[in-house]
Amino acid sequence: MLHYVIKRMGTMVLTLAFISVIVFVVIQLPPGDIVTSTLERMEASGMQASDEYVQNLRARYNLDKPLYLQYLNWIFNFVQGDLGYSYIYSKPVNELVWERLGYTLLITISAVIFTWVVAVPFGIYSAVRQYSIGDYFITVVALIGLATPNFLLALLVMFFAWEWFGISIGGLYSMEFRDQPFSIPKLFDLLSRLWIPGSVVGMGGTAVTMRILRANLLDELNKPYVVTARAKGVKPIKLIFKYPLRIAINPFISTLGLLLPTLISGEAIVSMVLNLPTTGRMLLQALLAQDMYLAGSFLMLLAILTVVGMLISDLVLAWSDPRIRYE
Amino acid sequence: MRDSIRKTPRYFVAILLTVLVGDLSIAEEEQWPEEWYQPFKTASQIGLTNFTDSPLLHENEIEHPNFQNLPPVEQRLPKDPIVVYPLKETGRHGGIARLTNHDLWQFFNWEAAFTISADMRTFFPNLAEWFELSEDGLTLTIKLRDGIRWSDGEPLKSQDFAFTFNDLWNNDEYSPEAYKIVDGSKVVVVDDLLFRYEFPTPRPLFVNFVAQYGDFMIDPSHYMKRFHPYYTTEEELDQRIKDYEALNWTQLVNDIRREGSDDSVEVPTLRAFKLVERSSMKRKYIRNPYYPKVDPEGRQLPYIDQINMETVENAEIMAAMASTAQVDFAAFALRTQDIPLLKLGERNGAIKVHIWQRLHSSDVAIQPNYNYDDERYQDLYWDIRFRAALSHAINRDELNQIIYFGRGFPRQVTVHPTSRFFKEEWEKRYLEYKPDYSRELLDEIGVIDLDGDGYREFPDGSRLTITLEFYDFETPKGITMELVQEYWRQIGIDLRLKLVDGNLQRERAVAGEMQMTLWHADRVTDVLFPLFPDWWVARSISWDRGMWNDWSRWYMKSGEAGVEPPAVMRQLQDWVDEMWVTMDEDERHVIGQNILATGSEYLWVIGTIGLAPHPVVVSSRLKGVPQKGIWGWDNRWTLANHPASWYIEEPVR
Amino acid sequence: MADNILEIRNLGVRFKTDTGVTNALNDVNFDVPRGKVTAIVGESGSGKSVTANCIMRLLQPPGEIVNGSIHFNPSRTAPFDVVAISDRDPRIYDLHGGLISMVFQEPMTALSPVHRVGNQVAEAILCHRDVSKDAAMAEAHDMLSRVGIPDIDTRIQMYPFEFSGGMRQRVVIATALVCNPEVLICDEPTTALDVTIQAEILTLIKDLQEELSNSIIFITHDIGIVAQIADYVVVMYQGRVLEIGTVRQVLKDPLHPYTKGLLAAIPGNVPKSVRLSTIATAVGDADITTPYPLKEVGEGRLVSLP
Amino acid sequence: MSEAVLERPQPIALETPDELNFLTPRQLAWRRFKRHRLALISAVILIVMYLVTGFAEFFAPYATTSRNVGAINAPPMNVRFFEHDGTFHLRPFVYGYDLHINEQTWAREYSENPEKIYPLRFFARGETYELWNLFEGDIHFFIAENDEGDGYIHFLGTDQLGRDVFSRVIYGGRISLSIGMLGIGLTLFLGVLFGGFAGYLGGWIDRIVQRMIEVLQSLPTLPLWMALTAALPAHWSSLRIYFGVTIILSLFGWTALARQVRGRFLALRNEDFVIAARLIGSGQNRIIFKHMMPSFLSHTITTATLAVPGVILGETALSFLGIGIRPPIVSWGVLMEQAQNYQVISMTPWILYPGLFVVIAVMAFNILGDGLRDAADPYNMGGQ
């Protein structure tokens, strides 16, 4: 197991290295940089920046170096926790991203929990009672859930909450708690509201995992070892839980890992619709304003979140499926 | 005293009417108090001697140095407190107002040396007791009211004005390029309460500047000096910069002044509310315990105890928040199209939707970039027939119907009707919808659809496309441009729209990189038009304009940089110079009208709909906000309505 | 008649699908004598496994038993008709693994990949007897040693994929025998194994049968194995029984043309030149498809001929 | 991930042997596909959608930019056969709107005007158009017009500029659906290219491609799409933006396909008939194209079909955020941009209709892909 963990961590670092290159390239794509924009502003106000000044400025942001050195510098600082400087907010990126990233994580986790809590029982039901009315109903709901864009779902949830209950569900806290300092009741309030973004973000993934679980379970149900177990005299309920489910859950776990990018993507857009203080809106703003350190940090941190999430899911999988850790 | 007694029966009737008939009948008759059109009275003038303050300051422990060991209210108020007359009846202390970042500025009650009358033409002393412009226009002398204090109890002094003006605005590092109105001037302190601005050339319009912009011209020097290299050692300063992770001292000072830094919580203020807590998503303000204004019954203002501000990045949802009464005051980020939605929210009684009028001469002022780095565009834009063709192709009546419920006014960009400079003919020029005429004009210029794809080509045969980049905020810009795009398509102009973020707009406008851009045309009243006639003359570079940066630069650098503008523009620039220095009111009037007339003839920018309805949403518990008002930057939106006199009925707790 | 532990009478099974109905078993009749090895021989699709599944009540939809009976006469409990009891009858669970066990063709997939070997063997005990987990593990340990697993103390904690095919089949056999069933059904238990391993497993089954003296139904298509292991032979073809007899009778003196063909197709029984001869060529023109009822031609010797 | 989603019907237990013998794999696949009724329906729906949006100029009664100024944010119309007083018309008709702007609420209130009866006319002359910018015409599938030549029909209502939502949904579908197709074409190309090379050549190429796939699959796509689309130059025409968005969407989408192609290649490499082909001396290309290609083409098509929804949803999300397709070109996402908050929806719920079509199209693709997978895979009953 330890060997597997080390191997898997190594892969993760390598993956992250690749990703950091991609992110760096992406944030370099828009024309202009912080120095050209500073200079433009200076020139516009009639100042002639001396060559020395320009060079100093470029040196400060390492823009005088070749691109690969800029990259190395960026990633080196990034690893050390220096995320750079956001020039639209005139603040270190560090001050801006962490709280938001925390909420993103919170919502993504609640989406994962939602996915599990819904997908497992309904997936089992659907497989065991294949072709029953319930199975068809679940299938249809899942198909619709899968086909509905996240933001549309978020809009609809908000809309119906408003139409039917007259409540406004934007934001992470209810009205009376918005201005309160953090406290236990406020935490409960947060938790009681989290399920909305959580379920909206998790909906598509839930549909996917439910169908996968069902398909896996159906496959497994016909496997010889199930018949063996039945022939051994294992009773039906135990039979499903101990054997096919136990095995069907493995691809399911890896699916959850693969779902993470989707969930985080979904979170980005859903939080914009629901006006949650997470990464989505600020990332969009940073991208539109070409604030490259801010945008780059968000992209990179979201990628790290995803990759670490996948790592965890792989480790859980290895723990659950001996075949993997013995490979 | 006499005034308030005289008023009492009227208030009584008003209240009675409210009870009997409901609000609507009042809405018809609501008048702004006469006092809003007059210089402030003081307590002694109306015989006020007893003053009260909010129980909050006695009953609650507020964890902020400014609120510790407060002396009694009489000692916190100036020697002769300023009296503010509320819209109708006087209010009561208490309550927490919920706001978003968008509407904070409308709630602050900015405090400058002078203030603007409700008529948007005249200026009154505010923090100043009196001011006097010398006859030669070379000095502006200001006497401060005695005993005004910062929120930390320190007295307001002439030195606070001197600090901002001499040490920041005239510091090459802090302001690489000083405002032209500031250039070469300085503050001379006579004593703690008396000082004067001294100018190298006559600056009569400096009064307008102080009245509109003056709140940015004062800093608590006793506090701010610690961040300034003149007053602190290099090591200390470097350490502070490090502590705040700032780039340099100018940025640090800037952040603090904009409340963008954690340290801003410590900085004393003159405004009605003092920032006491700040995070990236939230801010908390408490009433300024040293605020120098009182109501006619001696209550220290503001009425409201506290503001809780929440950052809402997505301006789109402001309408939703406002209509569900999640905030007590919302207006800045609301759009005309939102009105029915807001009115829907009004039905359940939690909010009131007031319809104000924007002072913007046009909600969308389309600006061709005359200095765009491509001669084909320069030539085309410079041709008045081209601009006329674009303008005549816009169906403004349809725009008005679709976006403004028919309640806006099709207008070109000229001054506000309240202005002394106003002439009706200027707003009507090139206004009619005549697409056929537009096509004729374009054919005449030689931009013709050569390849038959429905879009015109440049005379040299290359494809004519216009990319218009803009920041869709405040007024209905996006929806207007979507329609304009279609109108122009019908005359064969391929307009491409690109939404940009505010910061990118700034960057690209200032760099002059946009082929075309737009903003709404404010700075059109007598407060700001003579000072900043930017829609008609190339004289400065800013983020909301992308028309003529090279010409402006030429003007700003007296011909040493930029590109020499055409003769007519040089004439206009000369006129502006004259308008700025003349001490003769009539001459200024003539020059101003010349500028506007030329602007009207040349159609520098293309207007659409102006003086449009603007929704101002007020929660039903917030009182004192007028039902009709003039909305815009020129009059600082609400300044004439004294936000400090707004109050919350039935304050929480 | 002799002491039969199973008597299968007129067993009919059909599969109902969208495309139509297929009769998988038609009027199958044979007996399984107690304490003996009965081999069912036939090619793929002849109904051997379906028959086994019927005996175990493991037949899954869309397959269904349409008629007939399987009279089970165990020594430990009262006799009953396997076909007649309902799905919820607790006797089903006695049947599964307790009274009758089954060894499957694919040792690779017949064991759960995610459970340890010992656990899987012991589970059979826990299903049928009220003993502690430890006791069950001890018995599993014992049983695994009897089927010849070396180094059991470590192996018992291992996962099936760490075992070779032969070892896995030993585990499957251990699982099947751990509750000492009265009938052991071996459904082609050696087909998936190497030839050398095949022999070992066959020997193991034979030895254990002698030791435990239970009855075995041995399903195979390999006549050679039949000769090695069986006492009685049942020949099946297309869901019908064609011939029944002792192993000596059937192999030495086949009566049905199909059986003759089957024997002729065994490699080595014919000259090298016709090595690729098939059942079909061996059967030649003889009619093997007409479903004649079985007729008795001697003591326990039946054949489906006109 | 997404390909393992849908229902696969129970394998057909027994075919009569002779039938099996005479069917080619293609016939077999078709037989199986026909049996998947939902997939068949989905295919029909999609064909209709592509046809209608392909001939949008004909099927849409109005152009995307045509405005009915008298009907801003007007609600959907009912198509009727009976007048209010019960008079029956054989030809269906709609009632025109009566607009009243409420002085109190500023709301545009629409009511049916029983005086204004606009009968539907099929294959009638209406607005002129240029089909695909090539053929001029003015015949529309239907319009509503009375004998005086007045009339309009908005049976999905109008938007804030008075444009017909139904027409815009059709034109928007043209963009959204074609982006799905185009994007998948690119995805297919990239996937087969990378997957094929990796699977067939193996070795270090395989390892690099594998790593690339892993990296791309662990990236949250939407933020990256956002980053890339936000970087598309301002001066690009809407059409170029359209292609740009398409390319960006497929840039990250090819991984699943490449994985599958690689897997098939690896498996096929060792399959008997390929080895046989190699033994008899077929050249490499010949091996790939003659023997290996057909065998996994069906799987590839299936995976591709199941990947279309991702592209459609991606476009929709980006356009909804205002950074995807730009007006005047409309897509389903662009159409929903207006619906940024729930109260706009509560006032004009019909502007969400494009969303309904997104859901239908995506569902249809999912079900169709599922049906195709079952059909393509007659022997492999279980497993992924």
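Modeller: Let us begin with contacts: two residues are in contact if their C-beta atoms, placed from the backbone, lie within 7 Å. This is a predicted model, in which local features need pLDDT of at least 70 and side-chain atom pairs count only at pLDDT 80 or more, while totals for chains, interfaces and linings use all residues. Residues are numbered from 1 along each chain as its sequence is written, and chains are lettered from A and ligands numbered from 1 in the order in which they are written.

Biologist: How many residues does the contact take from chain A and from chain D?

Modeller: Chain A gives 47 residues to the contact and chain D gives 42 residues. Helices here are DSSP runs of H or I with at least four residues, strands are runs of E with at least two, and both are numbered from the N terminus. On the side of chain A that touches chain D, at least two residues each come from α1 (2-28), α6 (133-147), α7, α9 (184-221), α12, α13 (279-288) and α14 (292-320). For composition, Ala, Val, Leu, Ile, Met, Phe, Trp, Tyr, Cys and Pro count as nonpolar, Asp, Glu, Lys and Arg as charged, and the others, Gly among them, as polar. By that division, this side of chain A has 37 nonpolar, 7 polar and 3 charged residues.

Biologist: How is the packing of two helices described?

Modeller: Two packed helices are described by the angle between their axes and the distance between the axes. Axes are lines fitted to C-alpha atoms, for helices over the stretch in contact, with angles from 0 to 180 degrees between N-to-C directions. In chain A, helix α7 (residues 150-165) and helix α12 (residues 244-273) pack at about 35°, and their axes are 9 Å apart. A crossing is left-handed if the near helix is turned anticlockwise from the far one by less than a right angle, and right-handed if clockwise; that of α7(A) and α12(A) is right-handed.

Biologist: Which residues meet in this pair of helices, α7(A) and α12(A)?

Modeller: From α7(A) come A:Asn150, A:Phe151, A:Ala154 and A:Leu155, which meet A:Gly266, A:Ile269, A:Val270 and A:Val273 of α12(A). The residues of this contact comprise 6 nonpolar, 2 polar and no charged.

Biologist: What does the fold of chain B look like in numbers?

Modeller: Chain B contains 22 helices and 25 strands. The radius of gyration is taken over C-alpha atoms, and the globule rule is 2.2 Å times the number of residues to the power 0.38. For chain B the radius is 26 Å, close to the 26 Å from the rule for 653 residues, so chain B is as compact as a globular protein of that length. Its C-alpha trace spans about 80 × 65 × 50 Å along the principal axes.

Biologist: How is burial judged, and what percentage of chain B counts as buried?

Modeller: A residue is buried if 20 or more other C-beta atoms lie within 10 Å of its own, exposed if 12 or fewer, and partly exposed in between, with C-beta atoms placed from the backbone. In chain B, 53% of the 653 residues count as buried. In chain A, with its 15 helices and 2 strands, buried residues are 51% of the 327.

Biologist: Which elements do the buried residues of α6(B) pack against?

Modeller: The buried residues of α6(B), among them B:Phe161, B:Phe163 and B:Leu168, pack against β7 (139-144), β8 (186-189), β9 (194-198), α8 (221-224) and α10 (249-257) of chain B. In chain C, 11 of the 12 residues of helix α3 (residues 117-128) are buried. The buried residues of α3(C) pack against α10 (224-232) of chain A together with α4 (133-146), α5 (152-155) and α6 (165-177) of chain C.

Biologist: What backbone geometry do most residues and peptide bonds have?

Modeller: Most residues other than glycine have a negative phi, and most peptide bonds are trans. C:Asn10, in strand β1 (residues 4-17) of chain C, has a positive phi of about 50°. With 13 C-beta neighbours inside 10 Å, C:Asn10 counts as partly exposed. C:Ser213, in the loop between α7 (195-212) and β8 (215-220) of chain C, has a positive phi near 50°. With 11 C-beta neighbours inside 10 Å, C:Ser213 counts as exposed. A cis peptide bond joins B:Leu301 and B:Pro302, with omega about -5°, and B:Pro302 lies in the loop between β12 (293-294) and β13 (306-310) of chain B.
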